[in-house]
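Biologist: I have this chain open and would like to go through it with you. Can we look at it together?

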Amino acid sequence: MSTTLNRRALAMLRAVGAGRAELTCSCEPDLRVDGLPCCDQATAHDLARAGLIRPALGPAVAVGQWTPAELTDDGLLALGATLAA
């Protein structure tokens, strides 16, 4: 993923940060926002590979199952948020 995120990628990060997104537990996780499949799964895969988003429940969920998505520390930084100490 390039160092500059486009508007769609930033919108996806904001949705994850707002608690509105879910990911499948997979090496190429699919994303849905507000219960609807994301229109750009390639960008969702890029965000996960770049370490900006991840499944919140991680290994506690079976492969292919949906779990809430969360931002990583790098994802928070990409949005320009400050990390709580």
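**Sheet, helices and core**

Biologist: How many bridges link strand 4 and strand 5 (residues 66-71)?

Modeller: Three bridges, and strand 4 and strand 5 pair in the antiparallel sense. Two strands pair if DSSP finds at least two bridges between them. Helices (H or I, at least four residues) and strands (E, at least two) are DSSP runs, numbered from the N terminus.

Biologist: And what is the bridge partner of R54?

Modeller: E70, in strand 5. Before we go on: this is a predicted model, where local features need pLDDT of at least 70, side-chain atom pairs count only at pLDDT 80 or more, and totals for chains, interfaces and linings use all residues. Residues are numbered from 1 along each chain as its sequence is written, and side-chain values use heavy atoms, with hydrogens and water left out.

Biologist: Noted. What is the order of the strands in the sheet?

Modeller: The order is 3-2-1-5-4, in an open sheet of five strands with antiparallel pairing. At its edges are strand 3 (36-37) and strand 4 (53-55), each of which pairs on one side only.

Biologist: What else is in the chain besides five strands?

Modeller: Three helices. Read from the N terminus, the elements go α-β-β-β-α-β-β-α.

Biologist: Which strands does helix 1 lie across?

Modeller: Helix 1 (residues 7-17) lies across strand 1 (21-24), strand 2 (31-33), strand 4 and strand 5, at about 110° to strand 5. Helix 2 (residues 41-49) lies across strand 2, strand 3 and strand 4, at about 90° to strand 4. Axes are lines fitted to C-alpha atoms, for helices over the stretch in contact (heavy atoms within 4.5 Å). The angles run from 0 to 180 degrees between N-to-C directions.

Biologist: Which residues of helix 2 are buried?

Modeller: T43, A44, H45 and L47. Buried means under 20% relative accessible area, exposed over 50%, and partly exposed in between (1.4 Å probe, protein chains only).

Biologist: What follows helix 2?

Modeller: G51, with a positive phi near 75°.

Biologist: Now the core. Which residues of the largest nonpolar core touch the most other members?

Modeller: L13, V16, L31, L47 and I53, out of 17 residues in that core. Helix 1 gives the most to this core, five residues. A nonpolar core is a set of buried Ala, Val, Leu, Ile, Met, Phe, Trp, Tyr and Cys residues joined through side-chain atoms within 4.5 Å. In soluble globular proteins, nonpolar side chains tend to be buried together.

Biologist: What is I53 in contact with?

Modeller: Apart from neighbours within four places in sequence, the contacts of I53 include L13, V16, L23, A44 and L47.

Biologist: Last one: what share of the chain counts as buried?

Modeller: Of its 85 residues, 32%.
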